[in-house]
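Good morning, colleagues. Please bring up the sequence and the structure, and I shall take you through a few of their features.

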Amino acid sequence: MASTAAGKQRIPKVAKVKNKAPAEVQITAEQLLREAKERELELLPPPPKQKITDEEELNDYKLKKRKGFEDNIRKNRTVISNWIKYAQWEESLKEVQRARSIYERALDVDHRNIALWLKYAEMEMKNRQVNHARNIWDRAITILPRVNQFWYKYSYMEEMLGNVAGCRQVFERWMEWEPEEQAWHSFINFELRYKEVEKARSIYERYILTP
């Protein structure tokens, strides 16, 4: 009887110890699994829902950024660097038409800003919008014909496109403004590159006769 009683006392004791450890492990494992699943649901929603969410978040981001840029422009309308940053940001999103619109608005504010014309034309060239780039260079040299950088870049673009006749036409227009010596040399070298020796000679003669 005594041994039976001792056995009865021992069994609940062992059972108590045995039940205690697994219970803690089991609860912890359940908690971890539940938390992991919750995190998974938060981070990885079903694909269609994730796509919509991403689009909405991107649109929200764009709206906030545009509002920030517009606010800056409203406060400092004549600070052209703000316009350029805005346009470049739109270009980084492949929003070339929006960037173009911003550059045009900026030109309404300051059409004599050299950096603005350069950045605008460079954007069009970078995006292979050749006719748009031509239009910008043409406007730039009409408004600011004494800015040699415009003529150099315009003629260089035409030559790189293989448009020899177009490049020559740009040089001819430039020479009408009787520019500095380096410009004449650039024209002469251009003609020599294309074996137009006689034309190069005639250009040199025109340069010599220029007062």
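Which residues of helix 4 are buried? Before I reply, a word on the source: this is a predicted model, in which local features need pLDDT of at least 70 and side-chain atom pairs count only at pLDDT 80 or more, while totals for chains, interfaces and linings use all residues. Residues are numbered from 1 along each chain as its sequence is written, and side-chain values use heavy atoms, with hydrogens and water left out.

Now to the reply. The buried residues of helix 4 are Val96, Ala99, Arg100, Ile102, Tyr103, Ala106 and Leu107; buried means under 20% relative accessible area, exposed over 50%, and partly exposed in between, with a 1.4 Å probe and protein chains only. Seen down the axis of helix 4, these residues fall within an arc of 160 degrees, so they line one face of the helix; the arc is taken over the directions from the helix axis to the C-beta atoms. In general, an α-helix has 3.6 residues a turn, so residues three or four places apart point the same way.

The buried residues of helix 4 pack against helix 3 (80-92), helix 5 (114-126) and helix 6 (130-143). Contact here means heavy atoms within 4.5 Å. On the face turned away from the buried side, helix 4 carries the exposed residues Gln97 and Asp108.

Let us turn to the protein as a whole. It has 10 helices and 0 strands; these are DSSP runs numbered from the N terminus, helices being H or I with at least four residues and strands E with at least two. Of the 211 residues in the protein, 30% are buried. Among contacts between residues at least 6 apart in sequence, 44% join residues at least 24 apart.

Next, consider helix 9, which spans residues 181-193 and contains leucine 192. Is leucine 192 buried, partly exposed or exposed? Leucine 192 counts as partly exposed because its relative accessibility is 41%. Leaving aside neighbours within four places in sequence, leucine 192 is in contact with Val197 and Ala200.

Serine 186 also lies in helix 9. At 15% relative accessibility, serine 186 counts as buried. Not counting residues up to four places away in sequence, serine 186 touches Tyr152 and Phe171.

Finally, isoleucine 208 has its place in helix 10 (residues 197-209). Thank you for your attention.
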